[in-house]
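Let's walk through this structure together, one question at a time.

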Amino acid sequence: MGRFPHWRPAPNDRFYRSIVRTGQALRWLFQIRIIVTGQEHLPAPEHRGTASRTPVPGSGAVVAITHFGYVDFAAAELLLWARNKAQMRFLITQGAADHWFAGPAVSAAGHVVVGYETGSHAYDAAVQKLRAGEYVAILPEAGVSRSFKVRECKTGAVRMAAEAGVPIIPVSVWGAHRIMTRHHGFSPLRAWRAPVRVHVGEALTPGPGVDVASATEALRTVLQNGIDVAMADFPLRPAPGAWWMPADQGGGAPTEEQRRRLDEAEGPRRARARRR
């Protein structure tokens, strides 16, 4: 147990900006190239010279990000910060929030914590933030897709956006998984001058009475289309069988069928871990 297990500071603008500066410094240190297309689909800049964006009711958005690796979120965060000084509120697992070191940081950054047993409290908190004009970031695949294809998405992004009356901004990130992902830890050599390709899709606007299942599948399609766009002009040419390429592109990643079987086998283990 940590020395201060219950210390949870209030959200702090200065702390959030320090996290962003750390990310910018690491990007500079490793000379990571973030190549973006589709920026016309992002909200217009509105911070008006302030240190960070001030949320205004009616201006919130759900930012849906693909999840192939452990730093995909950082590419999206740096993009939204550069564009709009936006402080994105991520949905974070209870396990991370309970960690003695990460917990205070999660709290100070104003993220939304998803509980072990139910996500209803997190859902309500996220909708409230969206209505207040915040950007809430979601990784709708709810776990790393080891096939490096966008896997089945949870319905939360669509339901939150529909209830709050805000758009969904689809952000597809390709190449960040080469830096760090499941079974491939951080490598300074791979990170050095690594290209990261980001494509922003046209916003989706689910309204009241939306068919949630259909809209969620549409979101998955838009995110995969963004990945396809990003892969088409990715600066690195992969070697045959490269581990970071999908199987249907000649890569060494699991096929979709293999990925589904691995996900199904892992499900009970995750459930047992949450109960401990």
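Q: How far apart in helix α1 are Arg 17 and Asp 13, in helical turns?
A: This is a predicted model, so every value here is computed from predicted coordinates. Arg 17 and Asp 13 both sit in helix α1, four residues from each other. That spacing puts the two residues apart by about one helical turn.

Q: What N to O distance do the side chains of Arg 17 and Asp 13 show?
A: Side chains of opposite charge can pair when their charged atoms come close. The side chains of Arg 17 and Asp 13 do meet, in a salt bridge. Their N to O distance is 2.6 Å.

Q: Is Asp 13 buried, partly exposed or exposed?
A: Buried would need under 20% relative accessible area, and exposed over 50%. Asp 13 has 28% relative accessibility, so this residue counts as partly exposed.

Q: Which residues make a nonpolar surface patch that includes Trp 28?
A: Trp 28 is found in helix α1, which covers residues 13-30. With 62% relative accessibility, Trp 28 counts as exposed. The patch has an area of about 360 Å², and its residues are Leu 26, Trp 28 and Leu 29.

Q: Which strands stand at the edges of the sheet?
A: The chain has nine helices and seven strands. An open sheet of seven strands runs in the order β1-β7-β6-β2-β5-β3-β4, with mixed pairing. Each edge strand has a single partner strand, so one side of each lacks a neighbour in the sheet. The edge strands are β1 (33-37) and β4 (112-114).

Q: What is the bridge partner of Ile 34 in β7?
A: Strand β7 spans residues 195-200 and pairs with β1 in the parallel sense, over five bridges. Within β7, the partner of Ile 34 is Val 196.

Q: At about what angle does helix α8 run to β6?
A: Two helices are worth looking at against the strands. Helix α2 (residues 72-84) lies across several strands, including β3, to which it runs at about 160°. Helix α8 (residues 212-232) lies across β1, β2, β6 and β7. Its angle to β6 is about 40°.

Q: How many residues apart are Arg 151 and Asp 263?
A: The side chains of Arg 151 and Asp 263 meet in a salt bridge, with 2.9 Å from N to O. The pair links distant parts of the chain: Arg 151 lies in the loop between β5 and α6, and Asp 263 in helix α9 (residues 256-275). Both residues are buried.

Q: Which residues are linked with Arg 151 and Asp 263 in a network of salt bridges?
A: A search of the whole structure finds 13 salt bridges. Some residues are linked in a network, and Arg 151 and Asp 263 belong to it.

Q: Is Arg 197 buried or exposed?
A: Arg 197 forms a salt bridge with Asp 233, their closest N and O atoms being 2.8 Å apart. Asp 233 lies in the loop between α8 and α9, and Arg 197 in strand β7. Asp 233 is partly exposed, with a relative accessible area of 45%. Arg 197 has 1% relative accessibility, so this residue counts as buried.

Q: What percentage of the residues in the chain is buried?
A: The chain has 276 residues. It exposes about 14,000 Å², with carbon and sulfur atoms supplying 57% of that area. Buried residues make up 45%.

How values were computed. Residues numbered from 1 in each chain as written. Predicted model: local features only at pLDDT ≥ 70, side-chain atom pairs only at ≥ 80, totals over all residues. Heavy atoms only, no water. Patch = residues over 30% accessible without salt bridge, like charges linked within 9 Å, V, L, I, M, F, W, Y side chains within 5 Å. Areas by Shrake-Rupley, 256 points an atom, 1.4 Å probe, with all protein chains shown as cover. Salt bridge = Lys/Arg side-chain N within 4 Å of Asp/Glu carboxyl O. Buried < 20%, exposed > 50% of the residue type's maximum accessible area, 1.4 Å probe, protein only. Pairing = 2+ DSSP bridges. Contact = heavy atoms within 4.5 Å. Axes fitted to C-alpha atoms, helices over the stretch in contact; angles between N-to-C directions.
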